[in-house]
Amino acid sequence: MNLALTGASVDGPLYTDIVDLAHRAPGWLDGTIAVWSAYGLAVFALLMLVGWWRARRDGATAAVTALAVPVAVVLAYAVTSVVKPLVAEDRPCRHLALRTLEACPARGDWSFPSNHAAIAFAAATALFFVSRRLGVVAALCAGAMAASRVWVGVHYPHDVAVGAALGAAVAFLAMTALKRLPADLPERLSGTRLRPLLVSDPA
């Protein structure tokens with residue numbers, strides 16, 4: 001049993017306007033956005049890797065925080081994956097039958113909320129706990145990712161807005177909970193085989 005949300009009744013006209021705008025945009029712009037929409041999540045993985053690599057120089061506590069970022073992202077993805085079948089919202093490209101830049105996902109690949117937006121904003125939020133600079137870069141990329149999913153036609157605007165909010169909220173709660181761990185845990189872990197992951201001088 002699900003909520004069977006009809007997304008078009010929420011912001012269907014706005015979605016249609018954005019897709020129409022994409023049809024009138026220069027080909028190079030559409031191509032760039034389509035590539036970003038499809039593969040841009042790899043940038044967040046790179047930012048997480050950079051954050052962890054740099055955190056190792058600041059000590060075990062910073063490294064543990066950086067290693068928690070992908071965990072927060074996975075939790076955000078899990079939450080949105082649970083919500084999707086409960087709401088069971090059809091993809092806009094399927095419900096409205098518009099020509100879109102990206103091929104419409106198969107029926108049953110639900111639209112609400114956007115996993116891409118959730119992952120992107122979870123990564124950005126969690127990275128703020130590691131480095132404000134990386135967090136800002138990730139936040140800008142997250143905004144671009146959310147917008148791109150509507151531009152290519154696979155999500156309604158509310159899909160990405162809720163996905164972004166869920167991802168950010170889950171990541172914030174997860175990273176805040178990390179602070180409740182024993183203060184000496186990172187140092188104790190650095191005395192184990194995990195030391196190469198936590199400090200830049202594993203010797």
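**Entry 1: the annotated region.** I started with the UniProt record, an unreviewed entry, which places the feature "domain: Phosphatidic acid phosphatase type 2/haloperoxidase" at residues 62-175. I kept in mind that the model I was looking at is predicted. Over residues 62-175 I found the chain to be 73% helix and 0% strand. I also looked up the ends of this stretch, and their C-alpha atoms are 12 Å apart.

**Entry 2: salt bridges.** How many salt bridges are there? My count came to 2, so I took them one by one, with a cut-off of 4 Å between side-chain nitrogen and carboxyl oxygen.

**Entry 3: Asp 109 and Arg 91.** The side chains of these two residues form a salt bridge, at 3.0 Å from N to O. I placed Arg 91 in the loop between helix 4 (60-87) and helix 5 (92-95). Asp 109 sits in the loop between helix 5 and helix 6 (115-128), and the partners are 18 residues apart. Is Arg 91 buried or exposed? Arg 91 is buried, at 7% relative accessibility, while Asp 109 is partly exposed, at 35%.

**Entry 4: Glu 102 and Arg 149.** Here I found the other salt bridge, with an N to O distance of 3.5 Å. Glu 102 belongs to the loop between helix 5 and helix 6, and Arg 149 to helix 7 (residues 132-151), so this pair ties together parts 47 residues apart in sequence. I checked accessibility again: Arg 149 comes out at 5%, which means buried because the cut-off is under 20%. Glu 102 has a relative accessible area of 23%, so I noted it as partly exposed.

Conventions
Residues numbered from 1 in each chain as written. Predicted model: local features only at pLDDT ≥ 70, side-chain atom pairs only at ≥ 80, totals over all residues. Heavy atoms only, no water. Helix = DSSP H or I, 4+ residues; strand = E, 2+ residues; numbered from the N terminus. Buried < 20%, exposed > 50% of the residue type's maximum accessible area, 1.4 Å probe, protein only. UniProt positions renumbered as here; feature names shortened; annotations may be inferred.
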